[in-house]
Amino acid sequence: MRMRHLPSTFAAALLALFAGTAPRPAAAADEYAYDAVHSSIGFKARHLDISWIHGRFNEAEGKFSIDRENPAKSTFALTIKADSVDTANVKRDEHLRQPDYFDTKQFPTIEFKSTSVKPIDGGYEVTGDFTMHGVTKKVTLQLKGGKEHEFKGTKRVAFSTELSLKRSDFGFDKSAIGPIGDEALIFIDCEGMRK
Amino acid sequence: MPDPLLYGEAFALAGFVSAALTLLLSRVASRSPGGRPEQPGPRRVGPFALLFGVSAGFAAGCWLLRLPTTWTPASALDRYLTFVFPLAVGVELLATRCRDSIRVAWLLRGGLALAAGRILLHGSVYLQGPHREWTSGETAALLMGSAVALVSVWWLLLALGRRAGEATVTLSLSMTLLGSGLAIMLEGYLRGGTAPLPLAAAILGGTFVAARASRPTAPPAVAIGDPLPVPAHGVAATPAALDGVLGLGVVGLASTLFLSHFFAGLSTGSAVALLSAPLWGWLAEYLPLRWRHGAGGLAMRLLLVAFPIAAVLLLAMREFVKETLPLLTIASL
């Protein structure tokens, strides 16, 4: 019984092999959706200029389109829900949502949308519009990574980047900056799942 | 970080500018048109002088506090200072001009009350975006409810002003604005809490000039709460001169509470208690007549108004000490 099925199984395996290795037509860029479970967006800011306060944003969504043959056609977009700020202190988080800081009822999202991409050693240099607190500024990110991995039938790709910015550049009230330093560092480690 | 010294300076500047400009404009206005010499009789502190004086005082205080923060008013507070307050000044100027047509005045005030809520909520998650929080019906109901509440308080305060003396009501409003500012600051919204302070000071400055003007130059002395007498000479406040100032105060109070509630989490109870606090002056109208007159009557009315303000402040202080103070002193923000 088993022997009778062997040729057809073999043929199927051969077909699968050819299907996998045969040159594909010039494919469009691979599109990935932001995987919230395996990604994290953290930040830290100086406190009294002697230490660092760490926090994170728990909710975000985004997508990337990666064109390996023509990286300039790649795109990256990320939307962070400002309301999901989490510094491990509920009262402080409430305070950060208020108009003196993120003003999350007025500016519910922090967004990044790429405008140009170029390959660099170990990743991509991505320039784009970063919008926070209703103010949009051009920023350039060094996206490191880009390795692909297929896990349980889903192709994944991951990037990491760091971004330094001044809150006062984004319309945060200078008088409310107080003991927290003006400069904040944002760390993004994101994994994308191929759609 | 809170800067009490700056708040004090802004308060003093707003009060001074308001009083000085009101007095100056009253003197200028008392001259007859065409540069003729002053007519005999009292100089009048009119509604226009008061409106301009109080507005300028408020603007001066805001300038010192660096409010609004941006000239592209993206936040609700900036929209209040850039659009709603100037609109209120315009409406009160028009209402003063068409004093004979009370319906037109209230139509304008009603329109402002409706527009204010929409302006303050503009661009927020309540009205737009993929995660819009309210439906069109909810938005309409809320804006209408807020407008009705504002107009009701406004009307009741004007009516109280006619009975108890306008200066009593503007003083009550000034006190409520101060209390609201403190309550909002204790809630954690520092910038929003500073905005009512210069308005309170400007109203005090204008009221002071109007009250001084209303004081007769000869005995018997009459207190603020009494009907405004017109002296034979000196400076006098025209009847209902403080109507416009009262309007600015009510719109300022309602707007600040509205935006603090929807954008900074000020509780509904606190917002309602503070908005209705000046109305507690009505209770004095049911006291025996002898308690309602003179300085005693004024003190009684202010005491009644202070009661709900103190209750809100006590609760806010308790919450602040329990929740926020440890954050500032130990864990620190």
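**B:S174.** I started with the contacts of B:S174: leaving aside neighbours within four places in sequence, the residue touches B:A200, B:I203 and B:L204. This is a predicted model, so I read every contact here as a feature of the prediction. B:S174 sits in helix α6 of chain B, residues 166–186. Buried or exposed? Buried, with a relative accessible area of 2%.

**B:Y80.** Next I looked up B:Y80, which is in helix α3 (residues 76–97) of chain B. Its relative accessibility comes out at 0%, so I put B:Y80 down as buried. Setting aside residues up to four places away in sequence, I found B:Y80 touching B:F58, B:F85, B:P86, B:L120, B:L199, B:G252, B:S255, B:T256 and B:L259. I also checked B:Y80 against B:G137: 57 residues apart in sequence, 24 Å apart C-alpha to C-alpha.

**Cysteines.** How many disulfides does the structure hold? I looked at two cysteines anyway. A:C190 is buried at 9% relative accessible area, and B:C62 is buried too, at 4%.

**Salt bridges.** My search of the whole structure gave 19 salt bridges over all chains. I went through a few in chain A.

A:K155 pairs with A:D30, with the closest N and O atoms 3.3 Å apart. This pair links distant parts of the chain: A:K155 is in strand β10 (residues 154–166) and A:D30 in strand β1 (residues 30–34), 125 residues apart. Both A:K155 and A:D30 are buried.

A:R156 pairs with A:D35, and here the closest N and O atoms are 2.7 Å apart.

A:R97 forms a salt bridge with A:D83, closest N and O atoms 3.3 Å apart. A:R97 is in helix α2 (residues 90–97) of chain A, and A:D83 is in the loop between β5 (75–81) and β6 (85–86), 14 residues apart. Where do these two stand on accessibility? A:R97 has a relative accessible area of 25%, which makes it partly exposed, and A:D83 is partly exposed at 40%.

I then followed shared partners: salt bridges join A:D30, A:R68, A:E148, A:K155 and A:R194 into one network.

**Chain A against chain B.** I count 23 residues of chain A in contact with 28 residues of chain B. The area buried between the two chains is about 2200 Å², and carbon and sulfur atoms give 54% of that. Which chain A residues lose the most area to chain B? A:K91, A:K105 and A:Q106, together 31% of what that side buries.

For polar pairing across the interface, I found 13 residue pairs in polar contact, both residues at pLDDT 80 or more. There are 2 salt bridges between chain A and chain B. In one salt bridge the side chains of A:K105 and B:E133 meet, at 3.0 Å from N to O.

Last, the makeup of the chain A side. The elements giving two or more residues to the side that touches chain B are α2 and α3 (174–177) of chain A. The largest share, 3 residues, comes from α2(A). By class I get 8 nonpolar, 8 polar and 7 charged residues on the side of chain A that touches chain B.

How values were computed: Residues are numbered from 1 along each chain as its sequence is written. Chains are lettered from A and ligands numbered from 1 in the order in which they are written. This is a predicted model: local features need pLDDT of at least 70, side-chain atom pairs count only at pLDDT 80 or more; totals for chains, interfaces and linings use all residues. Side-chain values use heavy atoms; hydrogens and water are left out. Buried means under 20% relative accessible area, exposed over 50%, partly exposed in between (1.4 Å probe, protein chains only). Helices (H or I, at least four residues) and strands (E, at least two) are DSSP runs, numbered from the N terminus. Contact means heavy atoms within 4.5 Å. A salt bridge is a side-chain nitrogen of Lys or Arg within 4 Å of a carboxyl oxygen of Asp or Glu. Buried area is the accessible area (1.4 Å probe) that two parts lose on being put together, summed over both. A polar contact is a pair of N or O atoms within 3.5 Å; within protein, one must be able to donate a hydrogen and the other to accept it, and residues adjacent in sequence count only if both atoms are side-chain atoms. Ala, Val, Leu, Ile, Met, Phe, Trp, Tyr, Cys and Pro count as nonpolar, Asp, Glu, Lys and Arg as charged, and the others, Gly among them, as polar.
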